[in-house]
Amino acid sequence: MKFTLSWLKQHLDTSATLDQIVEALTRIGLEVEGVENPGEKLAAFKIAKVLSAERHPQADKLQILSVDAGNGPLQVVCGAPNARAGLVGVFGAPGAYVPGLDVTLKLASIRGVESNGMMCSTRELELGEDHDGIIELPADAPIGTAYPDYAGLTDPVIDVAITPNRQDCMGVRGIARDLAAAGLGTLTPLTFDTFTSEGAGPDVRTDDTAGCPAFFAQTVTGVTNGESPEWMRRSLIAIGQKPISALVDITNYLMIDLGRPLHVYDRAKLSGGLVARKAKDGEQVVALNGKTYTLDATMTVIADDTAVHDIGGIMGGEHSGVSADTTDVLIECAYFDPDHIARTGQKLTLTSDARSRFERGVDPAFLEDGLAIATALVLHICGGTASDVTRSGEPPLEPRVIYYDPRLSADLGGLHVAPERQARTLLSLGFTIGAITSADAFSDALFSTIEGKWPVTVPNWRRDVDGPADLVEEVVRIEGIDNIPSTPLPRMPGVAKPTATPEQKLERRARRAAAARGIDEAVTWSFLSEAEAAPFGGGAWMLANPISEDLKVMRPSLLPGLLAATGRNLKRGQQSVRLFEIGRRYLAEAERATLGVILAGDRRPRGWREGKAASFDAYDAKAEALALLAASGAPVDNLQVMGEAGDAWHPGQSGTLRLGPKTVLASFGMLHPSVLKAFDLDGAVAAVEVYLDAIPPKRATGFARPAYTPPALQAVRRDFAFLVPAGLATDTLVRAVKGADKVAIVSARVFDVFTGAGVEDGHKSVAVEIVLQPAAKSFTDEEIKAIADKVVAAAAKQGATLRV
């Protein structure tokens, strides 16, 4: 939220400097994101007087001006219709940057006449929308003075990040209250002009007491909706708000000033009374942003007898908005339920300044005064006659009392604060303690009458405070979190014991193995959009109140986030992307620890030796899966390659690694083209998901490793070539061969697959090497032949025959 220093000082009587205020804001939990001086970008523009104006010889609509900006006359070509001799305006010399045009001025020739800069309009300086002519200043404006100094544009703008729980600081007054409590001044009383009302109030009511518990309104007739006053326009422009008209600017100003959103309707555009009600399914409204929104029966709207005119608490309708011709207005000041506002805004993907305040929770007790302040400003600026106030419904004003033990400041917050000081802090923030209603009413005698726990009443504007711990937070943040002493935790004597769990150790091993293999670690969101989750089966869990629609679904896989990161890297020129992440998948039954890997782009760059660049394929994904499983302690020698990995994977180019037919330890292969299309990725992408929670834990055998005892006798290698059906997986053949003699055969691997001449159709030749390891003595020829016969017999059970 942005506000100027002078705006803050309207509510805070202080002598503190800007630096002291900025430091205090961050210290009490209102983080300052930046401070800027809006006059800095206009420092090069000076007040100048037009000495003479003559017609341009080559253009009817241009004039040649002689301009004095304090350093003697300069020739300037100008096309403004109001340019004339004697006019005092704002001049930009060559080298000045014009923000409204996004250009830097330079010496130029316009239709053959040299121009040494330009006289500027308000739009060109981003000070308003007027572009009908150049700025006209009073005749006594000091020539040569920097325009920002003269116009008062040197007021610093402070930008504060307001956390979702601090709804009270969504207005300048709330921030001033916090600073006053922190000792930087005194909160000024909130005052406004009184006025008399005439006639009955408008016809308004609320039929949706859940979504809109209270609906207050007042009319003003005979208004003139011109420009808002200079002081108001200057304040709004300084914080980036666009002045529109007096009536609109008043509501925007009060929303920033007091955190109270309001809405003004043109009564001439309404048919009958206004009612806050639930929308009907399919109803539509054109909002002030020009977009049409389709509503449903869960949404609160403000409607008249014929149409919806307002998405309650979020945005007004275009058709009933005020204009320059408006003479009679209805001012709405309502309280909308925060949960209803949040859900409606999420469904419509519609954000606004009003929504950001109502969904946090505005002060329900500020309806009467908020409406009175708005009406007083309308009468003062636009004129007219006010009606009585119509009040429909009741705002939720149930008092909330928390019984607070001041010792909790030290016990929970780690900071000892004297009880009297805690009491003054809470009172300064608007809380009441027993019969003490304000810091001004505090006295030692009155304070001494409170015994035991303090009965602290929470102010209506602090919806976030609901327990003693929240009061501790208020005390500690005002005292200063930096004042909390650093206290080491007690430590047991002796050598510290390991604290990592087996799951943490497993993830640590997997992370190191992936990094050692040249894969870069990524950290992505645990939340996805519905569109990103859909290719992976959709999400089982959805957030009720997501930050945005793009972060709504708890991820069913790590691959969507990695694919999004891969796309960003590839689009920025990265030729080879290798990413991994260790995190959780959120399935219907539980969270599952998972390692995800994405391989995209070039596996090997082009070169004089290898020729063209090579892309990743399913075998690369399988190699990574096996390596990561081995590093994680999985029995890779016992794994089986089975089936396709699922709908998100390419059929025929993917598989799973299983320990038995049911326990899936990993999925690997190429991703389905439809998945790549959903993530706007070109080219093939290989992926791996290792399911860390499915890896069987090692048996506890102590910390000592068994001594390495290499075999005393040399191993024996034998090769076999089998003719097998083309559809037989080589892994099945290797597994059968290795199991022919589990004692003597220590390993088996495929080293050649051949189809073509000499191999009948529908078959392939698979060559397998087996390693025989003798134990106490070397194998005899007879023993080796017996083992070979077992290998051939085992292969025959899989439909294989020995090639001769």
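Which residues have the most contacts inside the largest nonpolar core? The legends below begin with that core.

The model is predicted, with local features requiring pLDDT of at least 70 and side-chain atom pairs counting only at pLDDT 80 or more, whereas totals for chains, interfaces and linings use all residues. Residues are numbered from 1 along each chain as its sequence is written, and side-chain values use heavy atoms, with hydrogens and water left out.

**View 1. The largest nonpolar core.** Leu25, Ile175, Leu179 and Leu295 have the most contacts inside the largest nonpolar core, which comprises 113 residues. A nonpolar core is a set of buried Ala, Val, Leu, Ile, Met, Phe, Trp, Tyr and Cys residues joined through side-chain atoms within 4.5 Å; buried denotes under 20% relative accessible area, exposed over 50%, and partly exposed the range in between (1.4 Å probe, protein chains only). Helix H9 (residues 367–382) gives the most to this core, contributing eight residues. Helices (H or I, at least four residues) are DSSP runs numbered from the N terminus.

**View 2. Surroundings of leucine 25.** Contact here means heavy atoms within 4.5 Å. With neighbours within four places in sequence set aside, leucine 25 is in contact with Phe3, Leu30, Glu31, Val32, Ile158, Val160, Ile175 and Leu179.

View 3. A salt bridge places a side-chain nitrogen of Lys or Arg within 4 Å of a carboxyl oxygen of Asp or Glu. Glutamate 230 forms one with arginine 233, the closest N and O atoms being 2.7 Å apart. Both residues lie in helix H5 (residues 230–238), three residues apart, about one turn of the helix. Glutamate 230 also meets arginine 234 in a salt bridge (3.3 Å, N to O), and this pair is four residues apart in helix H5, again about one turn. Glutamate 230 counts as partly exposed because its relative accessibility is 41%. Arginine 233, at 18%, counts as buried, while arginine 234 is partly exposed, with a relative accessible area of 33%.

**View 4. A buried pair and a charged network.** The side chains of arginine 277 and glutamate 283 meet in a salt bridge (3.0 Å, N to O), and both residues are buried. Elsewhere, salt bridges that share partners join Arg166, Asp168, Asp178, Arg462, Asp464, Glu474 and Arg477 into one network. The whole structure contains 38 salt bridges.

Definitions and conventions. Helix = DSSP H or I, 4+ residues; strand = E, 2+ residues; numbered from the N terminus.
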